[in-house]
Amino acid sequence: MTEQLDNPAQKLWQSQPVEATRMSAEAIRKRADKFEQRIRRRNVREYVGSMLSAMVFVYFIVQTPDLLSRIAYGMFIAGMAVIVIQLRRKGAPRSMPGAMGASTCLQFFREELERQRDVVKNVWPWYLAPLVPGFVVLTVATVLAVPFPASLRKVVLMDIFVGGVFFLVWKLNMRAARCLQRTIDELYAAENQR
């Protein structure tokens, strides 16, 4: 790895000035509109997924005789409601006002990208954490409902699976945040060139 940092050709390549792209107000507006549509589709997917998950948890509440498991499923439904409310509050896209110049369009679009980057970058407190209480209660319910050796195996497998899903969701959101940051950097370069 240190060999790559000492490579003169790589240093020369990295030290070259980056040519920023000039963008018209119309080009910025098109990119902003496309981004807004993408965020709307993401939010609709999340809303539909939350609704379907809540329906599954309602089914589990009805079918499960164990009171503690019912409480856990109810907590999952409450967690899904918190996620939907937070997504609506934090992640709803804003539309670009109609009559704006290129620099104002660029600034608006960049600020919207930054806002969405912050939403996906901070996914733990508003998206994953609301599900943790239900998961903890379900783990306790499983330990109490199933005889010891079998409950331990079941809980460990469940914990590994849920932990893996949480980790995957976090990694995907970090990747999305990096992609948004690259676009933000590109817009800063375009803004500085004006």
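Met 158 lies in helix H8 of this predicted model. Leaving aside neighbours within four places in sequence, Met 158 is in contact with Phe 135, Leu 138, Thr 139 and Thr 142. Met 158 and Phe 135 stand 23 residues apart in sequence, and their C-alpha atoms are 9.5 Å apart in space. One of these partners, Leu 138, also belongs to the largest nonpolar core of the structure.

**Overall architecture**

- The protein chain contains eight helices and zero strands.
- Read from the N terminus on, the order of elements is α-α-α-α-α-α-α-α.
- The protein chain has 194 residues, of which 34% count as buried.
- Among contacts between residues at least 6 apart in sequence, 77% join residues at least 24 apart.

**The nonpolar cores**

- The largest nonpolar core has 19 residues, and those touching the most other members are Phe 76, Ile 83, Trp 126, Tyr 127, Leu 131 and Leu 138.
- At least two residues of this core come from each of helix H4 (67-91), helix H6 (123-128), helix H7 (132-145) and helix H8 (148-193).
- Helix H4 provides the largest share of the core, namely six residues.
- A second, separate core comprises 16 residues, including Met 96, Phe 108, Leu 113 and Ile 184.
- Trp 126, a member of the largest core, touches Ile 83, Gln 86, Leu 87, Lys 90 and Val 119 when residues up to four places away in sequence are not counted.

**How H4 packs with H7**

- The axes of H4 and H7 come within 8 Å and cross at roughly 165 degrees.
- Angles over 145 degrees count as roughly antiparallel, and H4 and H7 are therefore roughly antiparallel to each other.
- The crossing in which H4 passes H7 is left-handed.
- On the H4 side, the residues that meet H7 are Leu 68, Ser 69, Ile 71, Ala 72, Tyr 73, Met 75 and Phe 76.
- On the H7 side, the residues that meet H4 are Pro 133, Gly 134, Phe 135, Val 137, Leu 138, Val 140, Ala 141 and Leu 144.
- Phe 76 of H4 and Leu 138 of H7 take part in this meeting of helices, and both are listed among the core residues that touch the most other members.

**How H3 packs with H4**

- The axes of H3 and H4 come within 9 Å, with a crossing angle of roughly 165 degrees.
- H3 and H4 are therefore roughly antiparallel to each other.
- Their crossing is left-handed.

**Thr 64, between H3 and H4**

- Thr 64 is located in the loop between helix H3 (25-63) and H4.
- Thr 64 counts as buried because its relative accessibility is 15%, and the limit for buried residues is under 20%.
- The side chain of Thr 64 reaches the backbone oxygen of Phe 60 at 2.6 Å.
- Thr 64 also touches Ser 69, Arg 70 and Tyr 73, with residues up to four places away in sequence not counted.

- Val 120 has its place in helix H5 (residues 102-121).
- Val 120 is buried, because its relative accessible area is 7%.
- Not counting residues up to four places away in sequence, Val 120 touches Arg 42, Asn 173, Met 174, Ala 176, Ala 177 and Leu 180.
- Val 120 and Leu 172 are 52 residues apart along the chain, and their C-alpha atoms are separated by 9.0 Å.
- Arg 110 is also placed in helix H5.
- Arg 110 counts as buried because its relative accessibility is 8%.
- With residues up to four places away in sequence left out, Arg 110 touches Ile 184, Leu 187, Tyr 188 and Glu 191.
- Ile 184, one of the residues that Arg 110 touches, is a member of the second core.

- Arg 40 is found in helix H3.
- Arg 40 counts as partly exposed because its relative accessibility is 40%, and this class lies between the limits of 20% and 50%.
- Apart from neighbours within four places in sequence, Arg 40 is in contact with Pro 93 and Ser 95.
- Arg 40 and Pro 93 are 53 residues apart in sequence, and the distance between their C-alpha atoms is 6.6 Å.

Notes: Residues are numbered from 1 along each chain as its sequence is written. This is a predicted model: local features need pLDDT of at least 70, side-chain atom pairs count only at pLDDT 80 or more; totals for chains, interfaces and linings use all residues. Side-chain values use heavy atoms; hydrogens and water are left out. A nonpolar core is a set of buried Ala, Val, Leu, Ile, Met, Phe, Trp, Tyr and Cys residues joined through side-chain atoms within 4.5 Å. Buried means under 20% relative accessible area, exposed over 50%, partly exposed in between (1.4 Å probe, protein chains only). Helices (H or I, at least four residues) and strands (E, at least two) are DSSP runs, numbered from the N terminus. Contact means heavy atoms within 4.5 Å. A polar contact is a pair of N or O atoms within 3.5 Å; within protein, one must be able to donate a hydrogen and the other to accept it, and residues adjacent in sequence count only if both atoms are side-chain atoms. Axes are lines fitted to C-alpha atoms, for helices over the stretch in contact, and angles run from 0 to 180 degrees between N-to-C directions. Angles under 35 degrees count as roughly parallel, over 145 as roughly antiparallel, 65 to 115 as roughly perpendicular and the rest as oblique. A crossing is left-handed if the near helix is turned anticlockwise from the far one by less than a right angle, and right-handed if clockwise.
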